[in-house]
Amino acid sequence: YNATLAWEEKAPVSVGRWVFDGMVTLDGKIYVIGGSSQNGQTGHNILERYTPGTNQWDTLNPMTALRKGIASTVLNGKIWAIGGSSASILSSVEIYDPQTNSWSPGPALPIPIKNASAETIDGKIYLIGGHDGTQPLNKVIVHDPATNGWIEKASMSAGRHLFQTTTVDGKILAVGGAGNRNDVETYDPVANQWTSMPNL
């Protein structure tokens with residue numbers, strides 16, 4: 001394989017902003033949700049969708065709340081915008097249906113959370129870490145559509161926010177975070193257990 005790999009600039013979003021966990025892919029398209037102004041003070045309610053085949057962004061119906069520092073994921077073909085902050089930290093959740101281009105309220109979080117990360121595994125949403133305005137959180141709360149609520153699961157070893165998660169072989173990796181963290185933990189949803197991994 002002798003192809004040369006190179007970066008190629010594509011069409012820009014309509015408004016320059018910081019979007020941490022507010023980006024998901026669904027049906028081969030990229031959705032960018034909310035975000036904050038470049039000074040970090042103002043939240044946005046913007047929803048934009050990028051189609052790679054046409055290199056084009058479409059502006060869709062906005063969220064009802066201004067949100068920065070949201071967690072986002074996809075469940076059953078719909079996009080979830082979870083928590084975040086604007087004038088205050090939010091416990092509210094909004095769900096976007098691409099078929100109707102509309103938002104509806106989701107089940108509220110048990111506490112306000114910003115700067116968390118969300119993953120969907122086996123039809124459930126795992127909301128991990130974040131910040132409550134006072135301190136980083138080590139909590140893991142899970143949404144199960146069968147109960148339409150949030151249930152607390154095993155906590156990480158320490159609070160973590162402004163970090164990334166990803167799923168590998170049915171497990172969730174939590175990587176880094178604010179405060180120059182270089183530690184990595186992995187969560188097994190079946191065993192409801194966290195395990196330390198080698199540091200970055």
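**Close-up views of a predicted model**

**View 1. Ring pairs link Tyr31, Tyr96 and Trp103 into a cluster.** The structure shown is a predicted model. A search of the whole structure finds five aromatic pairs. In the pair formed by Tyr96 and Trp103, the ring centres are 5.2 Å apart and the planes meet at 50°, so the pair is tilted. Tyr96 has 0% relative accessibility and counts as buried. Trp103, at 15% relative accessibility, also counts as buried, because the cut-off for buried is under 20%.

**View 2. The rings of Tyr187 and Trp194 form a tilted pair.** Their centres lie 5.0 Å apart, with the planes at 40°. Tyr187 and Trp194 are both buried.

**View 3. An open sheet is built from four strands, in the order β9-β10-β11-β12.** The pairing in this sheet is antiparallel. Strands β9 (117–121) and β12 (149–153) are at the edges, and each pairs on one side only. From one strand to the next, the twist averages 25°.

**View 4. Strands β11 and β12 are joined by five bridges.** Strand β11 comprises residues 140–144 and runs antiparallel to β12. Across this pairing, Val142 in β11 stands opposite Ile151 in β12.

**View 5. The charged end of Arg160 sits over the ring of Phe163.** The distance from this charged end to the centre of the Phe163 ring is 5.9 Å.

Note on methods. Residues numbered from 1 in each chain as written. Predicted model: local features only at pLDDT ≥ 70, side-chain atom pairs only at ≥ 80, totals over all residues. Heavy atoms only, no water. Pairing = 2+ DSSP bridges. Helix = DSSP H or I, 4+ residues; strand = E, 2+ residues; numbered from the N terminus. Axes fitted to C-alpha atoms, helices over the stretch in contact; angles between N-to-C directions. Phe/Tyr/Trp six-rings, centres within 6.5 Å; stacked < 30°, edge-to-face > 60°. Buried < 20%, exposed > 50% of the residue type's maximum accessible area, 1.4 Å probe, protein only. Lys NZ or Arg CZ within 6 Å of the ring centre and 35° of its normal.
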